[in-house]
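Thank you all for coming; I would like to walk through one model slowly, defining terms as we go. Please keep the sequence and the structure in view while I talk.

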Amino acid sequence: MEALSLRDDMSDKSAAAGQNSLQLIAFSIGEQTYGVEITTVREIRAWNGATPLPNTREFVRGVINLRGTIVPIFDLRARFGDGQTAPTKNHVVVVMSVGDKWVGILVDAVSDILTVNRDDIHNVPEGNAIDTELLNGIVTHDNRMVGLIDLHAVVTGAKMDG
């Protein structure tokens, strides 16, 4: 499966979407839907494995070489504390920029491109520490709750202490 480049295809649409709207790439982990700003997404790739790294937490699947750039791959299911993903050919890696670095997150499937109003984004309810730590907010879109991923929080703490 070829990588799907989204950066050029979506730039015209995001400019026309308006100042108060936000475009998200939506993806699923089990029954839950999450999203990230489309401007952070560089490409979506089929899961082809990753080279494991020593002394990393269970949510770090390893690294891949993406056209000469070493990209760490984070297992989002494991990062949310639900155990490691048993990847199949249907799983995908969403490669994104976080600051000046690129990271990939392993997800079950990419489902949609959503346009949401910034005013419709709500705070994450207190209760689940992992959710409040890893999400920037929650938005309802077409009768489903979409958790907005805080990419900086997801990639923090990848190395083991000690």
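Predicted model: local features only at pLDDT ≥ 70, side-chain atom pairs only at ≥ 80, totals over all residues.

**Starting from one valine**

Let me begin with valine 36, which, leaving out residues up to four places away in sequence, touches Gln23, Leu24, Ile25, Phe27, Val41, Met96, Ile149 and Leu151, where contact means heavy atoms within 4.5 Å. Residues are numbered from 1 along each chain as its sequence is written, and side-chain values use heavy atoms, with hydrogens and water left out.

Val36 is also among the residues with the most contacts inside the largest nonpolar core, together with Phe27, Leu76, Ile105, Val107 and Ile149, and that core has 29 residues. By a nonpolar core I mean a set of buried Ala, Val, Leu, Ile, Met, Phe, Trp, Tyr and Cys residues joined through side-chain atoms within 4.5 Å; buried means under 20% relative accessible area, exposed means over 50%, and partly exposed is in between, using a 1.4 Å probe and protein chains only. At least two residues of this core come from each of strands E2 (21-29), E3 (32-37), E4 (41-46), E7 (92-98), E8 (101-107) and E10 (135-141), and likewise from each of helices H2 (76-79) and H4 (151-155). The largest share, four residues, is supplied by E7. Helices (H or I, at least four residues) and strands (E, at least two) are DSSP runs, numbered from the N terminus. As general background, nonpolar side chains tend to be buried together in soluble globular proteins.

**The whole chain**

Stepping back, the protein has four helices and 11 strands, and of its 162 residues 45% count as buried. If we take the contacts with a separation of 6 or more, 57% of them are between residues 24 or more positions apart.

**A sheet and its strands**

Which strands form the open sheet, and in what order? There are five, arranged as E9-E2-E3-E11-E10 with mixed pairing, where two strands pair if DSSP finds at least two bridges between them. Strand E9 (109-117) and E10 are the edge strands, each pairing on one side only.

Inside the sheet, E2 and E3 pair in the antiparallel sense over six bridges, and isoleucine 29 has glutamine 32 in E3 as its bridge partner. Threonine 33, also in E3, has a relative accessible area of 9% and is therefore buried. Leaving aside neighbours within four places in sequence, Thr33 is in contact with Ala26, Phe27, Arg144, Met145, Val146 and Gly147.

At the other end of the order, E10 and E11 run antiparallel and are joined by six bridges, with histidine 141 standing opposite arginine 144 in E11. Is E10 enclosed or open, and why? Five of its seven residues are buried, so E10 is largely enclosed by the rest of the structure.

E10 and E11 form a hairpin with two residues between them, and aspartate 142 in the turn has a positive phi of about 50 degrees. Aspartate 142 counts as exposed, because its relative accessibility is 63%. Arginine 67, in the loop between strand E5 (60-66) and strand E6 (69-75), also has a positive phi of about 50 degrees although it is not a glycine, and Arg67 is exposed because its relative accessible area is 61%. For context, most residues other than glycine have a negative phi.

Where is threonine 40 found? Threonine 40 is in the loop between E3 and E4, yet it counts as buried, because its relative accessibility is 17%. Its side chain reaches the backbone oxygen of glutamate 37 at 2.7 Å, and, not counting residues up to four places away in sequence, Thr40 touches Val95, Met96, Ser97 and Leu151.

Finally, alanine 50 lies in the loop between E4 and E5 and is partly exposed, because its relative accessible area is 24%. Leaving aside neighbours within four places in sequence, Ala50 is in contact with Arg61, Gly62, Val63, Ile64 and Ile73. The C-alpha atoms of alanine 50 and valine 71, which are 21 residues apart along the chain, are separated by 9.5 Å.

Note on methods: Polar contact = N/O pair within 3.5 Å; in protein donor to acceptor, adjacent residues only side chain to side chain.
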